[in-house]
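Let's walk through this model together, one question at a time. Have the coordinates open and follow along.

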Amino acid sequence: MTSMTAVVKASAGPGAELEQVEIPEAKGKDVLVEVAASSICGTDVHIFDWNDWARAHIHPPRVFGHEMSGRIVAVGEEVRGLAPGDFIAAETHVVDGTCPQCRRGLYHLCENPRLLGVDRDGSFARYVLLPAENCWRNAPGLSPEVAALQEPFGNAVHAATAGPLKDAAVAIFGAGPIGLCAVGIARAEGAAAVFVVEPNPFRRELAERMGAAAVFGPSDRTAEELRRANGGLGLDVALEMSGHPSAVEQGLLSLHHGAWMSLLGIGDRPVTLDLNDLVVTKSVTLHGIFGRRVWDTWERTSRYLSTGAVDVRALITHRFALSDFQEAMAQMKSGRSGKVVLLPDGGQSSPKGGSP
Ligand code: NAD
Ligand code: ZN
């Protein structure tokens, strides 16, 4: 067998095709992985829709998809410490290893990261090629779909644990999969109360299921409502996980002096803010968050998920066979989903060690 089914952005324009493409070969420091589960990320929707960002970053033909888990089937001759049969997930930022930040060991700050499913072929396929150093060995017993979710969950871990959470009043803006994971993380870390701001009723309900104390629709009075819900006090932490400009402003307005905020959401336009009143004279600490820390974020992620400290199963709302990719994408875009997972074999066989 030399070819496989994959979801391919075949040409510069909207849509994507299921195509037969050549199975890549594991050489040097790469491993070939049989994909067990690959979840759809907002980035994949952008690639599918061919928005401005995709136009600037994707060079077709490209197999996309990056949130994945699977079993190694072949290793290149220079790979050490990994072998066929290993059940892994992918750290999706492939770093250059040579920039000043990489040389300091700060791989999450690499100045030239190449992204799986963006700059190199991704995981909406039967097989994917990964650098061995991007493989995370999954905790035993993790289901393939939860193992695939570790990547976006790691984004939430990185953002939510950038400062203290214990006994904190936390506001999370955006109850997409990452915001929903953050609800569970903040609760597991002993936050006093977790409030969520989200316009989509389907997702507001998921936020409640993840343990949010109260959920609000966004408006220009959101900060006021949050403070009222917090007994009239400013909040300790805001996590921006929507990419919406008004969420940045309402988040900052909701905080007390000296509080902290993580900015993870990626917006599609510049944001105008009164930095004097909202950040400088309030002594607010802002954390820009990109990707995950290698590997400490993954260690924490694995601990939350494998000990049951955070249960993400409620937020996996849909599963599709890879061959039903178009339906899966339509579900993603309907607004009535949490995480949508693609199973290359339609979920017929799952790797040893897990059931969903
Ligand atoms: P998502 O698009 O599924 O979720 C965003 C949510 O924000 C949606 O449910 C949407 O209804 C909600 N929203 C829209 N306007 C809002 C507003 N004004 N206030 C509050 N909520 C609002 O995305 P996701 O996969 O959960 O990712 C969250 C964000 O993080 C996205 O912007 C994504 O692009 C970004 N992201 C960043 C990184 C990183 O490394 N920094 C990695 C992955 C994703
Ligand atoms: Zn680098």
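Donors here are N, O and S atoms within 2.8 Å of the metal (3.2 Å for Na, K and Ca), and water is not among the atoms, so sites may look incomplete. This is a predicted model, in which local features need pLDDT of at least 70 and side-chain atom pairs count only at pLDDT 80 or more, while totals for chains, interfaces and linings use all residues. Residues are numbered from 1 along each chain as its sequence is written, chains are lettered from A and ligands numbered from 1 in the order in which they are written, and side-chain values use heavy atoms, with hydrogens and water left out.

Q: What spacing do the donors of the zinc ion (ligand 2) follow along the chain?
A: The protein donors are Asp96 (OD), Cys99 (SG), Cys102 (SG) and Cys110 (SG), and they lie 2.0 to 2.4 Å from the zinc ion. Read along the chain, the spacing of these donors is D-x2-C-x2-C-x7-C.

Q: Which arrangement do the four donor atoms around the zinc ion (ligand 2) make?
A: Four donors count as tetrahedral if all angles lie between 85 and 135 degrees; four count as square planar and six as octahedral if opposite donors are over 155 degrees apart and all others between 65 and 115, and anything else is irregular. Around the zinc ion the four donor atoms subtend angles of 100 to 121°, so the arrangement is tetrahedral.

Q: How many residues apart in sequence are the parts that aspartate 96 and cysteine 110 tie together?
A: Helices (H or I, at least four residues) and strands (E, at least two) are DSSP runs, numbered from the N terminus. Aspartate 96 sits in the loop between strand E7 (93–94) and helix H3 (100–103), and cysteine 110 in the loop between H3 and strand E8 (114–115), so the pair ties together parts whose separation in sequence, in residues, is 14.

Q: Is cysteine 110 buried or exposed?
A: Buried means under 20% relative accessible area, exposed over 50%, and partly exposed in between (1.4 Å probe, protein chains only). Aspartate 96, at 28%, counts as partly exposed. Cysteine 110 has a relative accessible area of 9%, which means that it is buried.

Q: How much of the area that ligand 1 exposes when taken alone does the protein bury?
A: Polar contacts are pairs of N or O atoms within 3.5 Å; within protein, one must be able to donate a hydrogen and the other to accept it, and residues adjacent in sequence count only if both atoms are side-chain atoms. A nitrogen atom of ligand 1 is 2.8 Å from a polar backbone atom of isoleucine 289, and an oxygen atom of ligand 1 is 3.2 Å from a backbone N or O atom of proline 177. By the Shrake-Rupley method with a 1.4 Å probe (for residues, only the protein chains shown count as cover), ligand 1 alone exposes 850 Å², and the protein buries 81%.

Q: Which backbone oxygen lies 2.9 Å from a polar atom of the side chain of asparagine 134?
A: Asparagine 134 is in the loop between strand E9 (127–131) and strand E10 (135–137). At 4% relative accessibility, asparagine 134 counts as buried. The backbone oxygen at 2.9 Å from its side chain belongs to histidine 93.

Q: What is the omega of the peptide bond from valine 294 to tryptophan 295?
A: Tryptophan 295 lies in the loop between strand E16 (285–288) and helix H10 (296–306). The peptide bond from valine 294 to tryptophan 295 is cis, with omega near -5°.

Q: What is the phi of tryptophan 50?
A: Tryptophan 50 is placed in the loop between helix H1 (42–49) and H2. With 8% relative accessibility, tryptophan 50 counts as buried. Although the residue is other than glycine, its phi is positive, near 65°.

Q: Is aspartate 167 buried or exposed?
A: Aspartate 167 is in the loop between helix H4 (144–160) and strand E11 (169–173). Its phi is positive, about 60°, although it is not a glycine. The relative accessible area of aspartate 167 is 53%, so this residue is exposed.
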